[in-house]
Amino acid sequence: KSALIAITVFAISAVHAVWADNPIITTEYSADPSAHIFDGRMYLYASHDRKDAKEFDMNDYHVYSTRDLQNWRDHGVALKIADISWAKGHLWAPDCGYKNGRYYLYFPADATGKYEFKVGVAVSKSPSGPFAPEAEPIEGVNGIDPAVFTDDDGVSYLLWAAGAPQIAKLTPDMKHLDGKATALAGCDHFFEGPWIFKRSGLYYLTYPAFMKGGSGDGGNGQYYDYATAKAIMGPYTYRGHFTRTQESQPWVGNIHGSQLEWKGKWYCVYHDAGQSAGHINPGFKRSVNVDLMSFGADGAIQPLVWTKA
Ligand code: FUB
């Protein structure tokens, strides 16, 4: 019996030892991580909360990568606001896609100085950048939180948030919308940050969501909710949330990230504000976490377990 207990304890600690303690990035505040596997490494494309700036006043992006989920490399500034002719500020949640030897960084920015957001694209030969932005934002995309999803048939889609999750096909050069956007229905309590992944033929659309009675803006917390569909354009069925309950979550603020499979395991990479506890505005100095995901027999995402050791 004691041998069995020892094996079980070893197995549990082995699972928890897969990555460094949360938060995984401690050199900078970082948020909104979009994770992808490129060339055998996990890359994170993240927003950058600056220590001495106002909340949400971000002006560059860092890219992080790892081969083993323990040792993370900060590749430095991959794109900055001074390089983007049309952007007036607020470089919010980005994402990166790959096609034909090029990496495409999609990023939202305030185009007028009045919180009117558009989405631009910047190109690099390397997944870590630096990325060279196109001169104009992408026509037809007014909103925040772009995410790119490439389906098994090679067609890429851009998602973004504008009241509801929006989706449109991208042209093969990845720089324009191929047709009009569709607002995806069925995503109850949607607030921002849409992300799609596919598992066993099912499309999962995940997103930060309003908490009951909350405004959804992070002031009183957000849940991570999701909906699933058999086709990328829907119809989507709302499936609830997979984060902890409001009472037990250890942070105040919003949540935003991504989910992906790597080496047979599923991960949720997202931010909270735990690292900045005690900061004057803790909810908005955010840090990236990685948690293992698990799924029920019916495909339901099981509640995340925070893996701080
Ligand atoms: O980080 C800035 C904004 O806060 C993002 O665009 C939203 O998703 C929220 O995380």
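Helices (H or I, at least four residues) and strands (E, at least two) are DSSP runs, numbered from the N terminus. Two strands pair if DSSP finds at least two bridges between them. The model is predicted: local features need pLDDT of at least 70, side-chain atom pairs count only at pLDDT 80 or more, and totals for chains, interfaces and linings use all residues. Residue numbers start from 1 along each chain as its sequence is written.

The protein has 19 strands and one helix. Strands 3 and 4 form a hairpin with five residues between them, and in its turn Leu-69 has a positive phi of about 70 degrees. These strands run antiparallel and are joined by six bridges; Ser-65 has Arg-73 in strand 4 as its bridge partner.

| Strand | Residues |
|---|---|
| Strand 1 | 31–38 |
| Strand 3 | 60–66 |
| Strand 4 | 72–80 |
| Strand 9 | 144–150 |

Of the 309 residues, 43% count as buried (20 or more other C-beta atoms, placed from the backbone, within 10 Å of the residue's own).

The ligand is surrounded by residues including Asp-32, Trp-92, Asp-145 and His-256. Strand 1 and strand 9 each supply at least two residues of this shell.

Notes:
A residue is near a molecule or strand if its C-beta atom, placed from the backbone, lies within 6 Å of it. A residue is buried if 20 or more other C-beta atoms lie within 10 Å of its own, exposed if 12 or fewer, and partly exposed in between; C-beta atoms are placed from the backbone.
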